[in-house]
Amino acid sequence: MTIAQALDALAPLLGERLSRSKSELAHHGRSESYFPQTEPDAVAYPETLAEVQALVKICAEHGCPMVGWGAGTSLEGHGLAVKGGVVVDFSRMNKVLEIRPADMDVTVQPGVTREALNEELRATGLFFPVDPGANASLGGMAMTRASGTTAVRYGTMRDNVLGLQVVLADGRVIRTGTRARKSSAGYDLTALMVGSEGTLGLVTELTLRLHGVPEATSAGICAFPDMHAAVTAVMETIQMGIPMARIEFVDAATARAFTAYSGMEMSEAPHLLVEFNGSPESVAQDAERFGEIVADHGASPFRWSAREEERRALWALRHNGYYAILASRKGARALVTDMCVPISQLAQAVEETQADIAKSSIPGPILGHVGDGNFHAILLVDPDRPAEMEEAKRLSHRMAERALALGGTCTGEHGIGMGKLDYMEAEHGEGWDVMGQIKRALDPQNLMNPGKLVRQG
């Protein structure tokens, strides 16, 4: 049994929707981060559950690896076909199947992006809140247990996925979860699948929790004299119980990159970008309380607005942060780190990370979702200088070890893929072996996204 035989068997099923063109393979062989080009043998574009099920059965029969693909925005090499085989691109399974406003939930296909879903929901007074920045597919977001800027208020994909339809490695189709708000019926298979990175099956349908669009929203920005003051202000804000919808941190290097990229003037200093949701009265009151807290920590006057165009401009700035930082060093590639620690350890983690980067030979602007203890250093390297990549990996290693030592995790939202495999044993101990046992039970041939998440043998 060979991959070539599997492709020959798949051709009648998918016709022109099984592509082996150089451009398609190249597009599905690269990632957003530093990993080398890794092209699959073919790209499949299924349109129905029946096609996905038939594809899986054919691949299982011929021992052909399968890698799910959403929008290709993952950062740890999740979508790279490191063992060859077929990349299963879900971009044509992009329908919103049913919106149930009374129950505040929705069922979608995996190729629907978060922006497309919210556009579809505009007339309902509801929205889907998880916002990782990129316009990622909802299937991919579930598989990486994504979160982002709004997690401090609305939670992550773990909190907002009610149920899934999944095609397992042997072609069986299962449904996990129900639309009930709670259940104590057996193992939580939804939670098992969310964050499994496509290593246990291919998701073909998701049922998601929705939230009411807030009556009023305000957002604002302020600068700080140093990083410690900004992070301490975040900690105090959280501990005071002020209901933040977003609270984002950028350091001085990031602020400089933002100014150069967008033209929006920011002083070269650490900043906090925040948002409040609620009634007009509550968002004004929360903004005033926040302004008082940051003033106590030496911040510039807190400027906030409830005008939609000003809020959109502020968050467009943050969402383009990765590209702004990448543009700050011409020709650079990025190694993006992703540590998350308890709030009480946040100041120490950020300060020690900044000190490490300052001693290194490469730039590494810092930004992150500090409201839940999660931040990123974007380590910029010259791809023609291997020593710089080694330096970046050393810095990333120190950050991961620091996060674990402080009671945190090596990845708050980007997942493991193949980039963070080295830290799984330190974070999970024998629990990592249990994950491997689950993988072998559901995918004994190791065909579902091999080379990712679990111990490689």
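Helices, taken here as DSSP runs of H or I with at least four residues, are numbered from the N terminus. In this predicted model, helix 1 is followed by glycine 15, whose phi is positive, near 60°.

Helix 1 covers residues 3-14. At 1.5 Å a residue, its 12 residues should span 16 Å, and the end C-alpha atoms are 16 Å apart, which agrees. Ala6, Leu7, Leu10 and Leu14 are buried in this helix. These residues lie on the same side of helix 1, because they cover an arc of only 95° around the axis. An α-helix has 3.6 residues a turn, so residues three or four places apart point the same way. On the other side of helix 1, Asp8 and Pro12 are exposed.

The buried residues of helix 1 pack against the elements below.

| Element | Residues |
|---|---|
| Strand 1 | 18-19 |
| Strand 2 | 42-44 |
| Helix 3 | 49-62 |
| Strand 4 | 86-89 |

The largest nonpolar core has 49 residues, of which Phe224, Leu272, Phe276 and Phe290 touch the most other members. Elements that give two or more residues to this core include strand 12 (216-223), strand 14 (271-278) and helix 11 (280-296). Helix 9 gives the largest share, seven residues. Leaving aside neighbours within four places in sequence, leucine 272 is in contact with residues including Gly220, Phe224, Ala230, Phe249, Phe290 and Val370. Another core, of 26 residues, lies apart from the largest one, with Leu117, Leu121, Met157 and Leu208 among its members. In soluble globular proteins, nonpolar side chains tend to be buried together.

Methods. Residues numbered from 1 in each chain as written. Predicted model: local features only at pLDDT ≥ 70, side-chain atom pairs only at ≥ 80, totals over all residues. Heavy atoms only, no water. Core = buried A, V, L, I, M, F, W, Y, C linked by side-chain atoms within 4.5 Å. Buried < 20%, exposed > 50% of the residue type's maximum accessible area, 1.4 Å probe, protein only. Contact = heavy atoms within 4.5 Å. Expected span 1.5 Å × (residues − 1). Arc of directions from axis to C-beta.
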